[in-house]
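Please look over the sequence and the model shown here before reading on.

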Amino acid sequence: MDKKKIIVAITGASGSIYAKLLLNNLMTLSDQIETVAVVMSDNAKEVWRFELGNEDYDRYPYKFYPKMDFNAPFASGSAKFDTMIIIPCSMGTLGRIAHGISNDLISRAADVVLKERRKLIAVVRDTPFSLIHINNLKIVTEAGGIICPASPSFYSLPKTIEEVAQTVVSRVIDLAGLRQDSYRWNEE
């Protein structure tokens with residue numbers, strides 16, 4: 001199996017726990033990954049500090065890129081990143097992606113991933129959806145993106161908030177094409 005080149009984008013939507021768990025999981029799957037590149041919005045850093053009570057996002061062994069760094073390798077299709085995961089994905093970010101507004105590195109990278117017909121996974125966290133949100137979800141889906149709402153499952157009987165959030169992250173990891181051990185419905 002070819003090793004994956006993955007972009008992780010973290011926006012200012014609530015749900016920093018999902019980003020944290022994804023980054024933790026990717027470290028354990030490093031044998032399947034060539035590189036992980038991370039970009040965070042300023043709001044994402046604020047939300048992380050508020051929700052998780054720390055600034056541990058800067059302690060991961062990945063290369064972090066400033067939100068306006070259009071010289072980042074994944075700002076061009078020639079860098080051949082396989083997958084982009086936006087986790088959590090704010091509705092503002094999704095709207096900019098849906099309408100081709102590449103005004104920062106996150107929206108530019110998503111534009112590149114879609115135009116190159118690679119995998120874009122948007123883990124949206126807002127609820128309820130307005131008709132504008134629904135239309136933007138439809139546009140991104142029709143453009144080839146995967147909308148993965150941060151809707152946890154409960155059939156694994158999770159006991160902690162992290163276990164509940166992990167049900168979403170496990171789904172994202174599956175969608176990214178990485179192999180992992182996780183709970184599977186009705187499997188022994």
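A pocket, on a 1 Å grid over the protein atoms alone, is an open set of points where a 1.4 Å probe fits, with protein on both sides within 12 Å along at least five of seven lines, and its lining residues have an atom within 4 Å of a point. This is a predicted model, in which local features need pLDDT of at least 70 and side-chain atom pairs count only at pLDDT 80 or more, while totals for chains, interfaces and linings use all residues. Residues are numbered from 1 along each chain as its sequence is written, and side-chain values use heavy atoms, with hydrogens and water left out.

The largest pocket is lined by 18 residues, and those nearest its centre are Ser153, Tyr155, Thr167, Ser170 and Tyr183. Its volume, meaning the space filled by probe spheres set on the grid points, which are joined across faces, edges and corners, is about 360 Å³. Seven of the lining residues are nonpolar, seven polar and four charged, where Ala, Val, Leu, Ile, Met, Phe, Trp, Tyr, Cys and Pro count as nonpolar, Asp, Glu, Lys and Arg as charged, and the others, Gly among them, as polar.

The second largest pocket, with a volume of about 190 Å³, has 13 lining residues, of which Ser41, Asn43, Thr93, Arg96 and Asp104 lie nearest its centre. Helix 2 (42-52) and helix 3 are the elements that give two or more residues to this lining, helices being DSSP runs of H or I with at least four residues, numbered from the N terminus. The lining of the second largest pocket has two nonpolar, seven polar and four charged residues.

Helix 3 (residues 91-98) also packs with helix 5 (residues 131-142), at an angle of about 50° and with the axes 9 Å apart; axes are lines fitted to C-alpha atoms, for helices over the stretch in contact, and angles run from 0 to 180 degrees between N-to-C directions. Helix 3 is therefore oblique to helix 5, since angles under 35 degrees count as roughly parallel, over 145 as roughly antiparallel, 65 to 115 as roughly perpendicular and the rest as oblique. The contact, which means heavy atoms within 4.5 Å, joins Met91, Leu94, Gly95, Ile97 and Ala98 of helix 3 to His133, Asn136, Leu137, Ile139 and Val140 of helix 5. Seven of these residues are nonpolar, three polar and none charged.

Finally, the axes of helix 1 (residues 16-28) and helix 6 (residues 161-175) come within 9 Å and cross at roughly 60°. Their contact has ten nonpolar, two polar and two charged residues.
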